[in-house]
Amino acid sequence: MSPEPLRIENQRSATTTARENGLSIARATKAFETPEGGLVHALDDVSLDIREGEFFVLLGPSGCGKTTLLRSIAGLEVFDSGEIYLGTDRIDQIPAHRRPVNTVFQSYALFPHLTVAQNVAFGPQMDGLSRAAVDARVAEMLALVQLEAMGSRKPSQLSGGQQQRVTLARALAKDPRVLLLDEPLAALDLKLRRQMQAELKDLQQRTGLTFVFVTHDQEEALALGDRIAVLEHGRVAQVGTPQEIYETPETRFVADFIGETSILTLPALREDGRLTVRVADGPAVALPRDVPTPDGTVTIAVRPERLVLDGTAPPLGTGTLTSMVYMGTDVRCTVSLGDVELRVRVAPPYDALDLRPGATVTVGADPRSLRPLDPEPVAAPVRAGSR
Ligand code: ADP
Ligand code: MG
């Protein structure tokens with residue numbers, strides 16, 4: 001086994017295009033047997049194209065297949081069918097220890113008896129580098145994560161955030177082409193997690209490496225990802241930039257999982273050929289995109305911060321303010337219009353508004369912020385090809 005030369009700079013991206021060195025998952029399936037003798041489809045026909053140098057986030061609830069996908073890329077799990085490519089090279093048949101990827105897990109898994117520097121040196125030493133090359137590599141990696149002064153400490157003498165930075169330095173010291181991160185910040189408290197998110201994003205930008213980052217936390221995904229893939233039951237529900245995922249969800253699952261949203265199923269009308277709805281006894285509102293309406297209804301999602309109570313947007317309908325919660329930055333209101341409930345986030349100043357439970361209010365919205373969702377499949381789809 002001849003080790004690759006160890007480099008961390010942007011040389012690859014300077015000489016090749018992103019496409020050539022992207023990470024592609026093609027039609028991956030993976031099922032596990034349950035103790036009861038059933039099958040869990042952890043991955044069900046997953047295809048993804050991750051660009052070189054991209055901060056790519058896999059987002060979804062617990063059990064949707066994120067770890068299975070990451071472990072498969074790392075070579076710790078084998079697909080039932082499907083392929084993995086790095087650029088044009090197929091890598092899913094290469095043994096885990098020889099794949100040009102490295103993984104950071106939630107648990108730090110540092111060697112407790114070794115110093116920070118020895119922990120970082122471990123990989124390069126295993127690759128057979130000279131003493132001088134290992135030392136240079138360790139110094140470079142510790143500088144990268146701003147732990148130059150901590151090299152002779154033991155992991156137990158570091159804070160949680162510092163330990164996680166050592167884990168990163170150790171993973172990067174092997175000069176992977178792709179860094180895989182499985183909920184690496186989940187064990188940290190909120191303030192430290194936010195700080196580490198900023199550091200990770202900065203580290204990824206400075207190294208130009210491809211990061212594949214797993215999280216179940218939608219806020220973390222929006223904050224970190226260049227693009228996000230939302231997974232639902234082993235399937236890719238949607239791939240897009242944080243803004244696309246948040247502003248233009250395609251399915252009910254994505255709309256519901258990311259951020260707060262109101263989801264309304266309303267009779268679908270056609271006026272002048274345009275898909276139109278009425279909320280309770282409000283006016284007809286033309287929707288910004290057309291979707292099939294096989295059962296005569298359309299489901300729309302709307303974000304609470306896109307709705308207003310102060311008359312500054314066209315009216316959707318008039319109803320009763322049923323609850324309000326003061327949050328400091330805004331007031332979170334619920335308005336009932338007939339059998340429809342809308343959540344509305346009202347930003348300050350509130351003085352001009354008569355905000356009190358029981359008040360009659362008119363909810364307004366720019367029609368472009370009403371997002372029609374793809375109709376749900378009527379029955380569970382037949383899963384051809386998966387076992
Ligand atoms: P996530 O990381 O998104 O929480 P996982 O990839 O860990 O999800 O798991 C996906 C599904 O596969 C879950 O239903 C889980 O219980 C199941 N699963 C994962 N690994 C195994 C295993 N080794 N044996 C049996 N079932 C598994
Ligand atoms: Mg997991």
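## A first stop at Glu220

Select Glu220 and show what surrounds this residue: setting aside residues up to four places away in sequence, Glu220 touches Leu185, Arg193, Gln197, Phe213 and Thr215. What you have on screen is a predicted model. Is Glu220 buried or exposed? With a relative accessibility of 4%, Glu220 counts as buried, because the cut-off for that word is under 20%.

## Into the cores

Phe213 is among the residues with the most contacts inside the largest nonpolar core, along with Val57, Val120, Leu168, Leu179, Leu181 and Val230. That core has 42 residues. Which helix gives the most to this core? Select residues 160–173: this is helix H5, and six of its residues belong to the core.

Beyond its neighbours within four places in sequence, Val230 is in contact with Leu59, Arg235, Val236, Ala237, Gln238, Ile245, Phe253, Val254 and Ile258. Then move to a second, separate core of 29 residues; to find this one, select Val277, Val279, Leu321 and Leu355, which are included in it.

## A covered helix

Next, select residues 66–74 to bring up helix H2, which is mostly covered, with seven of its nine residues buried. Colour the buried ones: Lys66, Thr68, Leu69, Leu70, Ser72, Ile73 and Ala74. Step just past the end of H2 to Gly75, where phi is positive, at about 90 degrees.

## An open sheet

Now look for an open sheet of five strands, running in the order E16-E20-E17-E18-E19 with antiparallel pairing. Which strands stand at the edges? They are E16 (307–308) and E19 (340–346); each has a single partner strand, so one side of each has no neighbour in the sheet.

Select residues 331–337 for strand E18, which pairs with E19 in the antiparallel sense over seven bridges. Zoom in on Cys333 to see Val344 of E19 standing opposite.

## Last stop: confidence

Finally, colour the chain by pLDDT. The average is 90, and 92% of the residues score at least 70. Residues 1–19 fall below 50, and this stretch has 37 contacts in the model beyond near neighbours in sequence. Residues 381–387 are also below 50, with 11 such contacts. Where pLDDT is low, the predicted coordinates should not be read in detail.

Key: Residues are numbered from 1 along each chain as its sequence is written. Chains are lettered from A and ligands numbered from 1 in the order in which they are written. This is a predicted model: local features need pLDDT of at least 70, side-chain atom pairs count only at pLDDT 80 or more; totals for chains, interfaces and linings use all residues. Side-chain values use heavy atoms; hydrogens and water are left out. Buried means under 20% relative accessible area, exposed over 50%, partly exposed in between (1.4 Å probe, protein chains only). Contact means heavy atoms within 4.5 Å. Helices (H or I, at least four residues) and strands (E, at least two) are DSSP runs, numbered from the N terminus. A nonpolar core is a set of buried Ala, Val, Leu, Ile, Met, Phe, Trp, Tyr and Cys residues joined through side-chain atoms within 4.5 Å. Two strands pair if DSSP finds at least two bridges between them. pLDDT is the predictor's confidence in each residue, from 0 to 100.
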